[in-house]
Amino acid sequence: MSKRDAPEHDETRGLTRRGLFRSIGAATLVAGCTTDDPSVHPEQAPTPDVDGAIGLTPTPLEFVLDGQPQKLEVEARTTLLDLLRLDLDRTGTKVVCDRGACGACMVLVDEVPRNSCMLLALDVAGASITTVAGLGKSSQLSALQLAFVEHDAMQCGFCTSGMLISSSALLRRSAGQPLERAQVEDAIAGNLCRCGTYPHVVDAVLSVANGPGAARRGSELLRAKKGGA
Amino acid sequence: MQPFALIRTKRIERAREIVREKPETRVLRAGGIDLLDRMKEGIDEPELLVELREVLWAGAKLADGQPLIPPDTNPLPPAPRYAEVGALTTLAELAAAELPGLDALHQAAGQAATPGIRNTATVGGNLLQRPRCWYFRHRDLVCLKKGGDTCLAITGDNRYHAILGGGPSFIVHPSSLATPLLALDAVVSVFVGDAKGSVQQLVPLAELFVSPETDPTREHSLGPGDLLTQVWIPVLDDMRSAYQAVREKQSHDWPLVEAAARLRLDQAGSMRDVRVALGHVAPIPWNASEAAALLEGQAPSVDLFARAADAALADAAPLDGNAYKIPMAKGLLREVLHRASGLALPE
């Protein structure tokens, strides 16, 4: 999926909220910039003082992002979150606390939900990363995403991509087994929602896990998992 | 974050050697949760992170035997079996491991931080993390731990600080695994000193931690390039253990107080090999040995547990804002003793 497929880059929708903010923001930012930060633009590329060290300058990195192989170069200090949002423009993964305390930046790293703000981009070399954009497609939401819509499981939406990642990981782990409320609450215990949508999020996840068609979806997930997807 | 480099190696000696060559700017990295947090806050700015991901062992299981240590220098408490936990084991893996009698450890590992953090944070990093005191973590404040003259908690907001063993620093030790591991009488494997030719040593967990009276700028005795590789836990026959923490929030919150207990019940129903630990009450994981001494050899009873809890907190010296921790710790300790011994709670 190219980044043009993401809703915020959908040109058929005309003016988007993000596009508007970006155009205003860029002009303001340029006007406000007077000096270059030497740490960002070093005159001379620094070199590490030990053989085999990497990442002081952009270093090759390969991984799979939402099913697509990525080949790029990053510095060691770039977090996975910054790589996704700033370098790759995959803004579905949100940045809130940037300290691993809120869960807005959760992604699946080889199927394990982790906070992308507390990982370095170079940590995921060779790994398969799934962001919220990889759970469904812009024209075809996953069953879990549809359930979030049906159950009104979001207000401001900032926690939603993290909630979806944590709960989709739970559904993949449980692979069609019925779930209790407490299991869902445990799975999303690292996702902070300031609007307080937790009960609706739990309802949405339970409707997918225990609702009609749950067993079939579970077996599909299990097959996909066994197939290495 | 300031620019820095990474280096990956597979050899313990090489990793240690790299750090020891330039200890002021190089640091070992396991899960990196605490390290990245300090780097983002600007209170630590290493130039080189030495990755431990391919150096250390991850896993938690019953050991096949004992570590290869000459018997006269082996500090491992005698036990029929030992559990071993690799320093690179994540908290999530530890919580999911099925080890007999180690309920306290599983419970602590499964409650710490958040599910996402538990999938990254490691056992070694949890034990050796820096304190979470808000004065220490503030980049613009120079507290006692960062070379200042005084602990800012003394006159500041000290609601989360120490009630036992405080002075001159009043941090509480941040490790939630240390509390049950201390109750379980754990021993850690460490490489210390010169990287070349150094042998692995076993150190009782209690001796790993440094009281602020000895040195307020550090929390453990390991120096740059020293490496904690493994945790050993004696598994006694019919051993039982329990852990509990009180937090202001149900999730992603640091404990206000933690308690852990280990014991076994003999044929007559008396408690044997009792150990009791408290967490987040002192600058080091707190061994409540007075409580354990009262309990040893006695039959579990409501009254005895209440007296043990009083004994554990007898020396408590609260600051302005944290006296609430005393009744909280007493209540929590009683609850943990009831759970570990199987005696029904009175309430």
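**Chain B, sheet**

I looked up the bridge partner of I7(B) in strand 3 of chain B and found V50(B). The model is predicted, and I kept that in mind for every entry. Strand 3 of chain B covers residues 48-51, runs parallel to strand 1 of chain B, and is joined to strand 1 by 4 bridges.

I then checked the sheet as a whole. It is open, has 3 strands in the order 1-3-2 (chain B), and its pairing is parallel. The edge strands are strand 1 (5-8) and strand 2 (26-29) of chain B, each of which pairs on one side only. For the twist from one strand to the next I noted an average of 30 degrees.

What lies across these strands? I found helix 1 (residues 12-21) of chain B across strand 1, strand 2 and strand 3 of chain B. Relative to strand 2 of chain B, this helix runs at about 150 degrees.

**Chain A, overall**

I listed the elements of chain A next: 7 helices and 5 strands. From the N terminus the run is α-β-β-α-β-β-β-α-α-α-α-α. Chain A has 229 residues, and 43% of them count as buried. I also took the contacts between residues at least 6 apart in sequence; in chain A, 55% of these join residues at least 24 apart.

Strand 1 (residues 59-65) of chain A pairs with strand 2 of chain A in the antiparallel sense, over 7 bridges. I followed L65(A) across this pairing and reached Q68(A) in strand 2. The hairpin has 2 residues between the strands, and D66(A) there takes a positive phi near 50 degrees.

Strand 1 of chain A also pairs with strand 5 (residues 128-130) of chain A, in the parallel sense and over 2 bridges. Here the bridge partner of L65(A) is I129(A).

Which residues form the covered face of strand 1 of chain A? I noted T59(A), L61(A), F63(A) and L65(A) on the covered face, with P60(A), E62(A) and V64(A) on the uncovered one. Side chains alternate between the two faces of the sheet in a regular strand.

**Chain A, Q70**

Q70(A) lies in strand 2 (residues 68-74) of chain A.

**Chain A, helix 2**

I searched helix 2 (residues 80-87) of chain A for buried residues and found L80(A), L81(A), L83(A), L84(A) and R85(A). Just after this helix, D89(A) takes a positive phi of about 60 degrees.

**Chain A, helices 3 and 4**

Helix 3 (residues 143-150) and helix 4 (residues 160-174) of chain A pack at an angle of about 130 degrees, and their axes are 10 Å apart. Because of that angle I recorded helix 3 of chain A as oblique to helix 4 of chain A. The crossing of helix 3 past helix 4 of chain A is right-handed.

Which residues meet in this packing? I found L144(A), Q145(A) and F148(A) on helix 3 of chain A, against T160(A), M163(A), L164(A), S167(A), S168(A) and L171(A) on helix 4 of chain A. The residues of this contact sort into 5 nonpolar, 4 polar and no charged.

Note on methods:
Residues numbered from 1 in each chain as written. Chains lettered and ligands numbered in written order. Predicted model: local features only at pLDDT ≥ 70, side-chain atom pairs only at ≥ 80, totals over all residues. Heavy atoms only, no water. Axes fitted to C-alpha atoms, helices over the stretch in contact; angles between N-to-C directions. Parallel < 35°, antiparallel > 145°, perpendicular 65-115°, else oblique. Left-handed = near helix turned anticlockwise from the far one by under 90°. Contact = heavy atoms within 4.5 Å. Nonpolar A, V, L, I, M, F, W, Y, C, P; charged D, E, K, R; others polar. Buried < 20%, exposed > 50% of the residue type's maximum accessible area, 1.4 Å probe, protein only. Pairing = 2+ DSSP bridges.
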